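Open the model in your viewer and keep the sequence panel beside it. Each stop below says what to select next and what is there.

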Amino acid sequence: MGAHEYLEKYIRNVPGGAIAWERSIFSHSGKWAAADLIDAAVDIAWELFSYENGSECPTLDIHRAGNYFVVSPVGVSMNGMLESAA
């Protein structure tokens, strides 16, 4: 089992379309470095949040919320420069 499969076992869906893991998973795995687990978490998020026909990786918001490491997609906002361009 690799880091990717390890994290898939502990993934949680949270309101608003985000995914999360308990922060302790990243520091107590014993087998993988925290950086490797974070890379795997981002890969999982890209897989889950990417558009079916798109080849680009979505922009992600990664933050800490209490005891959780939370990853959510960042939506494209139609304000500011995009609105001025129209």
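Select Ala18. At 8% relative accessibility, Ala18 counts as buried; buried means under 20% relative accessible area, exposed over 50%, and partly exposed in between (1.4 Å probe, protein chains only). Ala18 lies in strand 2. Helices (H or I, at least four residues) and strands (E, at least two) are DSSP runs, numbered from the N terminus.

Before moving on, note that this is a predicted model: local features need pLDDT of at least 70, side-chain atom pairs count only at pLDDT 80 or more, and totals for chains, interfaces and linings use all residues. Residues are numbered from 1 along each chain as its sequence is written, and side-chain values use heavy atoms, with hydrogens and water left out.

Which residues does Ala18 touch, not counting those up to four places away in sequence? Show Arg12, Asn13, Phe49, Val70, Val71 and Ser72. Contact here means heavy atoms within 4.5 Å. Now draw a distance from the C-alpha atom of Ala18 to that of Leu60: the separation is 9.8 Å, and the two residues are 42 apart along the chain.

Next, select Ser72. Its place is in strand 4. Ser72 is buried, with a relative accessible area of 12%. Leave aside its neighbours within four places in sequence, and Ser72 is in contact with Ala18, Phe49, Thr59, Leu60 and Asp61.

Four of them form an open sheet in the order 1-2-4-3, with antiparallel pairing. Two strands pair if DSSP finds at least two bridges between them. Strand 1 (12-14) and strand 3 (60-65) are the edge strands, and each pairs on one side only. Neighbouring strands of this sheet are turned by 30° against each other on average, direction ignored. Axes are lines fitted to C-alpha atoms, for helices over the stretch in contact, and angles run from 0 to 180 degrees between N-to-C directions.

Zoom in on strand 3 and strand 4 (residues 68-73). Six bridges join this antiparallel pair. Ala65 stands opposite Tyr68 in strand 4. The two strands form a hairpin with two residues between them. Click Gly66 in the turn: its phi is positive, at about 65°.

Now select helix 3 (residues 34-49). Helix 3 lies across strand 2 (18-22), strand 3 and strand 4, and runs at about 155° to strand 2.

At what angle do helix 1 and helix 3 pack? The angle is about 65°, with the axes 9 Å apart. Helix 1 and helix 3 are therefore roughly perpendicular; angles under 35 degrees count as roughly parallel, over 145 as roughly antiparallel, 65 to 115 as roughly perpendicular and the rest as oblique. Show side chains at the interface. Ala3, His4, Tyr6, Leu7 and Glu8 in helix 1 meet residues of helix 3 including Leu37, Ala40, Ala41 and Ile44.

Finally, zoom out to the whole chain. The protein chain has four helices and four strands. Along the sequence they follow the pattern α-β-β-α-α-β-β-α. Of the 86 residues, 28% count as buried. Among contacts between residues at least 6 apart in sequence, 50% join residues at least 24 apart.
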